[in-house]
Amino acid sequence: MTGTLEETQVRAMFDRIAGLYDRMNTVMTAGLHHQWRRRAVELAQLGPGARALDVATGTGDLAIALADRLRGDGEVVAVDFSERMLELARAKADSLPIRFESANALALPFADDEFDAATVGFGARNFSDLDQGLREMVRVVRPGGRVVVLEITTPRRAPLSRFFGLWFDHLVPALGRAAGDAQAYSYLPSSVRRFPSADELAAVMWRCGLVEIRYWLTAGGIIALHVGVAR
Ligand SMILES: C[S@@+](CC[C@H](N)C(=O)[O-])C[C@H]1O[C@@H](n2cnc3c(N)ncnc32)[C@H](O)[C@@H]1O
């Protein structure tokens with residue numbers, strides 16, 4: 001399987017691996033992904049009463065982190081196009097004030113400037129058209145609001161680049177085989193490799209209408225957190 005998939009294939013793949021997804025995240029990141037999500041939420045800078053949108057929410061962890069931050073004073077809307085992922089998200093976030101909706105990130109069913117912030121965690125890499133997905137996030141965020149992208153990135157320098165090669169090209173597909181979905185977990189490393197570098201992603205965000213773009217690398221340069229302000 002290559003790093004490029006049709007939208008319908010991406011949706012089918014996430015429907016298929018939904019039941020495995022949370023466990024694989026925990027194993028692959030040694031549980032660190034929750035920490036990265038909390039950092040993404042900080043970057044969204046939500047004030048009291050804020051409305052936040054989590055795009056490509058999957059099983060909802062980033063939406064849950066946004067709701068935790070708002071503590072009931074505000075609203076979180078979370079969208080994904082995989083019904084199976086959404087089912088699991090709804091079950092997990094049962095008692096939290098999060099509205100989960102089925103929607104395509106490339107054509108969000110929201111009016112311009114509806115949200116104070118929009119986030120996407122490990123989802124942008126899967127968009128069939130990255131610019132369109134980011135432009136949609138920018139469109140629905142009010143001027144001055146923030147767009148946050150949390151994504152895996154390819155480290156450029158040794159020794160991390162060597163470790164990354166070992167981890168991503170060998171260990172992750174082996175874990176996927178053991179868990180019962182070899183295809184999905186060989187798609188993962190190739191989708192990361194074709195995704196823009198951190199500098200390139202910052203340039204794409206600017207092209208899509210964001211300003212004051214900053215980014216941080218963490219986990220030894222494997223994880224990138226980008227934030228920009230909507231004009
Ligand atoms: C790797 S998961 C990330 C899930 C979650 N955001 C997280 O942080 O764990 C990618 C998610 O993006 C969703 N996705 C990919 N392309 C999408 C699109 N065009 N519209 C809506 N959801 C999309 C998939 O269905 C999947 O649930």
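A: Ala93 counts as buried at 4% relative accessibility, where buried means under 20% relative accessible area, exposed over 50% and partly exposed in between, with a 1.4 Å probe and protein chains only. This is a predicted model, in which local features need pLDDT of at least 70 and side-chain atom pairs count only at pLDDT 80 or more, while totals for chains, interfaces and linings use all residues. Residues are numbered from 1 along each chain as its sequence is written, and side-chain values use heavy atoms, with hydrogens and water left out.

Ala93 sits in the loop between helix H4 (83-92) and strand E3; helices (H or I, at least four residues) and strands (E, at least two) are DSSP runs numbered from the N terminus. Leaving aside residues up to four places away in sequence, Ala93 touches Ile64, Ile98 and Phe100, contact meaning heavy atoms within 4.5 Å. Between Ala93 and Phe115, which are 22 residues apart along the chain, the C-alpha separation is 20 Å.

Phe115 in turn forms an edge-to-face aromatic pair with Phe110, at 5.2 Å centre to centre and 85° between the planes. For such pairs, ring centres of Phe, Tyr and Trp (its six-membered ring) lie within 6.5 Å, and planes under 30 degrees apart count as stacked, over 60 as edge-to-face and the rest as tilted. Both Phe110 and Phe115 are buried, and the structure holds 1 aromatic pair.

Leu108 belongs to the loop between strand E3 (98-102) and strand E4 (115-121). Leu108 is likewise buried, because its relative accessible area is 6%. Beyond residues up to four places away in sequence, the contacts of Leu108 are Leu53, Val55, Val79, Glu136, Met137, Arg139 and Val140.

Ile98 and Phe100, both touched by Ala93, are among the residues that touch the most other members of the largest nonpolar core, together with Leu46, Ile152, Phe168, Tyr185 and Leu188; that core has 52 residues. A nonpolar core is a set of buried Ala, Val, Leu, Ile, Met, Phe, Trp, Tyr and Cys residues joined through side-chain atoms within 4.5 Å. Helix H1 (residues 7-29) supplies the largest share of this core, 9 residues. Apart from it lies another core, of 29 residues, with Val77, Ala103, Phe127 and Val147 among them. Ile152 touches, among others, Phe122, Phe164, Phe168 and Leu188, when residues up to four places away in sequence are not counted.

On a 1 Å grid over the protein atoms alone, a cavity is a set of points where a 1.4 Å probe fits but cannot get out, a pocket is an open set with protein on both sides within 12 Å along at least five of seven lines, and lining residues have an atom within 4 Å of a point. The largest cavity holds about 640 Å³ of space, and of the 45 residues that line it, Phe14, Tyr21, Phe122, Gly123 and Asn126 lie nearest its centre. H1 gives the most to this lining, with 9 residues. By class, the cavity lining divides into 27 nonpolar, 12 polar and 6 charged residues.

Methods:
Points joined across faces, edges and corners; volume = space filled by probe spheres on them. Nonpolar A, V, L, I, M, F, W, Y, C, P; charged D, E, K, R; others polar.
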